[in-house]
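Trainee: I have a chain on the screen and some questions about it. Can we go through them one by one?

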Amino acid sequence: MAQPELSEAALKFVNELEMEMMVDMYNRMTQACQKKCIPAKYKDPELTKGESVCIDRCVAKYLEIHDRIGKKLTALSQQDEAAMKKVQSGGK
């Protein structure tokens, strides 16, 4: 069964929702990694080597987990869709 075509308004809504979700993820990641890696009272205007490494690792882990969760949710959604099709076709 082919995916239904989205209207221009629906496509715009989906794109805006996706952008909001990406902005939210970026803001959460920024806050979490800053809190973890940069002391509240810092002396230097530049990041130290340790802070830079910490932020790099933190961001990499955050993005990896975000990717894993996205893939898992996609798989679950596909399983649900397949189960619904099976129910609708009478279990054949």
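Mentor: Start with the annotation: UniProt positions are given in the numbering used here, feature names are shortened, and annotations may be inferred rather than shown by experiment. This is a predicted model, in which local features need pLDDT of at least 70, side-chain atom pairs count only at pLDDT 80 or more, and totals for chains, interfaces and linings use all residues. Residues are numbered from 1 along each chain as its sequence is written, and side-chain values use heavy atoms, with hydrogens and water left out.

Trainee: Which feature does UniProt place at residues 15-74?

Mentor: Over that stretch the chain is 82% helix and 0% strand. Its end C-alpha atoms are 17 Å apart. Helices (H or I, at least four residues) and strands (E, at least two) are DSSP runs, numbered from the N terminus. The unreviewed UniProt entry names the feature "domain: Tim10-like".

Trainee: How many disulfides does a search of the whole structure find?

Mentor: A disulfide is a pair of cysteine sulfur atoms within 2.5 Å. Cysteine 33 and cysteine 58 form one, with sulfur atoms 2.0 Å apart. Cysteine 37 and cysteine 54 form another, also with sulfur atoms 2.0 Å apart. The search finds two.

Trainee: Why is the disulfide of cysteine 33 and cysteine 58 left-handed?

Mentor: Look at the torsion about the S-S bond. The disulfide is left-handed because that torsion is about -90°.

Trainee: How many residues apart in sequence are the parts that this pair ties together?

Mentor: Cysteine 33 lies in helix α1 and cysteine 58 in helix α2, so the pair ties together parts of the chain. Cysteine 33 is buried at 3% relative accessibility, and cysteine 58 is buried at 9%. Buried means under 20% relative accessible area, exposed over 50%, and partly exposed in between (1.4 Å probe, protein chains only).

Trainee: Is cysteine 54 buried or partly exposed?

Mentor: Its partner is cysteine 37. The link is left-handed, with -70° about the S-S bond. Cysteine 37 counts as buried at 8% relative accessibility. Cysteine 54, with a relative accessible area of 21%, is partly exposed.

Trainee: What pattern do the disulfides of the chain follow?

Mentor: Count the bonded cysteines along the chain. The pattern is 1-4, 2-3.

Trainee: Which residue forms a salt bridge with aspartate 24?

Mentor: A salt bridge is a side-chain nitrogen of Lys or Arg within 4 Å of a carboxyl oxygen of Asp or Glu. The closest N and O atoms are 2.9 Å apart, and the partner is arginine 28.

Trainee: Is arginine 68 buried or exposed?

Mentor: Arginine 68 meets glutamate 64 in a salt bridge (2.7 Å, N to O). The two are four residues apart in helix α2 (residues 49-88), so about one helical turn separates them. Glutamate 64 is partly exposed at 41%. At 52% relative accessibility, arginine 68 counts as exposed.

Trainee: How far apart are the closest N and O atoms of glutamate 81 and lysine 85?

Mentor: These residues are four apart in helix α2, which means about one helical turn between them. Glutamate 81 is partly exposed at 37%, and lysine 85 is partly exposed at 35%. The closest N and O atoms of their salt bridge are at 3.6 Å.
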